[in-house]
Amino acid sequence: MDLLEQIRAVVGDTGLITGEDVGKRPADWLGSTSCAAKAVVRPRSTEELSEVMKLCHAARQPVVPAGGLTGLVHGGVATGDELQISFERMRAIEEIDPIGKTATVQAGVPLQAVHEAVTEHGLIYGVDLGARGSCTIGGNISTNAGGNTVIRYGMTRENILGLEAVLADGTIVSSMNTLLKNNAAYDLKQLFIGSEGTLGLVTRAVLRLQPAPISDATAILAIDSFDKLKQIFSMTSSRLGSLVRSFEVMWSDYYNMIGVESGRHQPPLAAGHAYYVIVEIAGIDPERDTALFTEVLSEALEQEVAADAVIATSKAQRDAIWAIREDIEGQIKAMMPGIAFDVSLPIVRMDDYINDVKANLTETCGEESIMAVFGHIGDSNLHLLVAPRPWSGEAKHRAEEIVYRPLTKLNGSVSAEHGIGLDKREWLPLSRTPEELALMRQLKSALDPYDLLNPGRVLEEV
Ligand SMILES: Cc1cc2nc3c(=O)[nH]c(=O)nc-3n(C[C@H](O)[C@H](O)[C@H](O)COP(=O)(O)OP(=O)(O)OC[C@H]3O[C@@H](n4cnc5c(N)ncnc54)[C@H](O)[C@@H]3O)c2cc1C
């Protein structure tokens with residue numbers, strides 16, 4: 001029996017997609033390209049996946065795990081001889097423990113489904129991002145996803161207590177810890193968090209939950225200089241402390257392009273300021289929290305740290321503010337063809353870095369080149385949308401040089417939250433030492449000696 005027929009015997013007819021049907025499936029969340037895998041395998045359980053991997057291991061068959069396909073570095077796109085392992089039939093929320101504040105879920109469950117399920121118990125899961133409707137917990141774990149609330153709850157890594165994974169040879173490693181404290185030797189789950197499916201296939205996880213806030217408030221502020229931006233960041237963190245859930249900044253080029261000129265939004269503040277900051281708090285004392293928030297923002301206005309501010313008075317107004325920040329369709333329309341960068345660097349160095357990148361871009365790639373910047377500043381994370389004009393493969397590479405090269409000296413990173421995948425592999429040595437890279441290769445060959453899991457993603461093929 002050939003390999004696909006052996007796999008069919010494990011997962012059943014509906015668990016295996018072959019031939020023309022493969023190309024009818026999307027290769028990315030937008031559906032702009034078709035799946036080009038050799039076949040798609042859809043296991044229903046960890047045990048089924050383990051059997052599939054035993055067969056793949058024996059046949060030296062490479063596989064590429066896929067969650068919601070919202071990853072932005074082409075890590076989960078299977079091509080040629082690769083099998084796609086889809087988690088779309090592993091979407092169960094197995095248990096929610098309101099006292100221990102944990103949720104036990106399968107890897108294919110969408111992030112938004114987790115949010116909705118835990119809300120009923122007066123709890124929240126602290127990871128949230130724009131792709132919430134499509135991205136899966138397995139994908140979030142594998143990319144160590146960040147998002148809009150990292151400043152308060154941390155990245156995915158800080159919100160995972162335990163997980164289960166299938167190794168390249170089919171071994172099931174069940175490390176489903178539910179305890180906040182567990183120092184019994186190596187914390188093996190960390191191997192699979194952020195390693196982009198190159199060390200194991202995540203099948204289940206125990207998520208750490210938090211009490212749901214009962215108050216929240218959102219404001220957008222106009223700021224006229226980078227010094228004042230730093231001041232407002234310090235002021236909100238010291239006065240509002242752990243109430244701050246988001247501190248997001250849009251540079252004027254981004255705010256003007258998406259919020260004002262696109263005609264897609266009702267701009268809450270006029271154009272003409274250097275920065276626009278979204279500050280959001282969440283707490284458990286509605287009266288006190290809102291009063292403190294208003295007091296701090298009023299002081300910022302009185303002391304002329306902020307030039308203007310709007311506090312959202314309804315959910316619709318809050319959503320309208322966030323819609324500018326999360327308007328991916330608007331970004332694509334305004335900037336494509338272009339590159340969406342995701343870098344991190346110390347906050348105090350950001351202003352000089354952005355000014356240098358902008359100057360270099362127009363000098364090297366042409367006066368018509370466009371750049372727009374926004375980011376999770378509180379997490380040292382910037383997203384740069386860069387469109388060299390005229391566009392070409394060579395211009396793209398030049399723009400990557402301009403954005404990535406300075407980061408080494410600045411102690412920054414070529415990937416703050418999206419990972420390395422295929423797109424950033426060439427640039428990884430700018431952010432990791434030769435010794436770190438050598439240890440990563442050692443780990444990879446210890447866990448996956450035949451390079452079957454996501455070959456060529458993150459590290460060069462062995
Ligand atoms: C609109 C939009 C907004 C976004 N905002 C953010 C943001 O704020 N912060 C952020 O960090 N990211 C963001 N992203 C990127 C993306 O959503 C995240 O990387 C997400 O975690 C990917 O989840 P997924 O299920 O779609 O994974 P996929 O795209 O399917 O896969 C991502 C990687 O994980 C691997 N993988 C998937 N499932 C598994 C599994 N079960 N086991 C092992 N490996 C697996 C894949 O092979 C691939 O390498 C955004 C993307 C979009 C489209």
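**Entry 1: domains**

I began with two domains and found that seven residues of domain 2 are in contact with ten residues of domain 4, where contact is taken to be C-beta atoms, placed from the backbone, within 7 Å of each other. By class, the side of domain 2 that touches domain 4 holds three nonpolar, three polar and one charged residues; here Ala, Val, Leu, Ile, Met, Phe, Trp, Tyr, Cys and Pro count as nonpolar, Asp, Glu, Lys and Arg as charged, and the others, Gly among them, as polar. I noted that this is a predicted model, in which local features need pLDDT of at least 70 and side-chain atom pairs count only at pLDDT 80 or more, while totals for chains, interfaces and linings use all residues. Residues are numbered from 1 along each chain as its sequence is written.

I then looked up the bounds, which come from an automatic or database domain assignment: domain 1 covers 3-86, domain 2 covers 93-211, domain 3 covers 215-328 and domain 4 covers 336-435. Between the C-alpha centres of domain 2 and domain 4 I read a distance of 29 Å.

**Entry 2: the ligand**

Which residues are closest to the ligand? I found 37 residues around the ligand, with Gly 67, Gly 75, Gly 138, Gly 139 and Gly 197 as the closest; a residue is near a molecule if its C-beta atom, placed from the backbone, lies within 6 Å of it. Strand S3 (63-66), helix H5 (137-143) and strand S10 (201-211) each supply at least two residues of this shell, and the largest share, five residues, comes from H5. For these labels, helices (H or I, at least four residues) and strands (E, at least two) are DSSP runs, numbered from the N terminus.

**Entry 3: strand S6 and its partners**

Strand S5 (residues 93-97) pairs with S6 in the antiparallel sense over four bridges, and two strands pair if DSSP finds at least two bridges between them. S5 and S6 form a hairpin with four residues between them, and Lys 101 in the turn has a positive phi of about 55 degrees. S6 also runs antiparallel to S10, to which five bridges join it. I followed Ala 103 across both pairings: Ala 103 is the bridge partner of Ile 96, and Leu 207 in S10 is the bridge partner of Ala 103.

**Entry 4: backbone exceptions**

Glu 196 has a positive phi near 55 degrees, lies in the loop between helix H7 (189-192) and S10, and is buried, with 24 other C-beta atoms within 10 Å. Ser 380 has a positive phi near 65 degrees; I placed Ser 380 in the loop between strand S16 (370-376) and S17, and Ser 380 counts as buried with 20 C-beta neighbours inside 10 Å.

The peptide bond from Met 336 to Pro 337 is cis, with omega near 0 degrees, and Pro 337 sits in the loop between helix H12 (328-335) and strand S15 (339-344). A cis peptide bond also joins Arg 389 and Pro 390, with omega about 0 degrees, and I found Pro 390 in the loop between strand S17 (381-387) and helix H14 (393-404).

Technical notes
A residue is buried if 20 or more other C-beta atoms lie within 10 Å of its own, exposed if 12 or fewer, and partly exposed in between; C-beta atoms are placed from the backbone.
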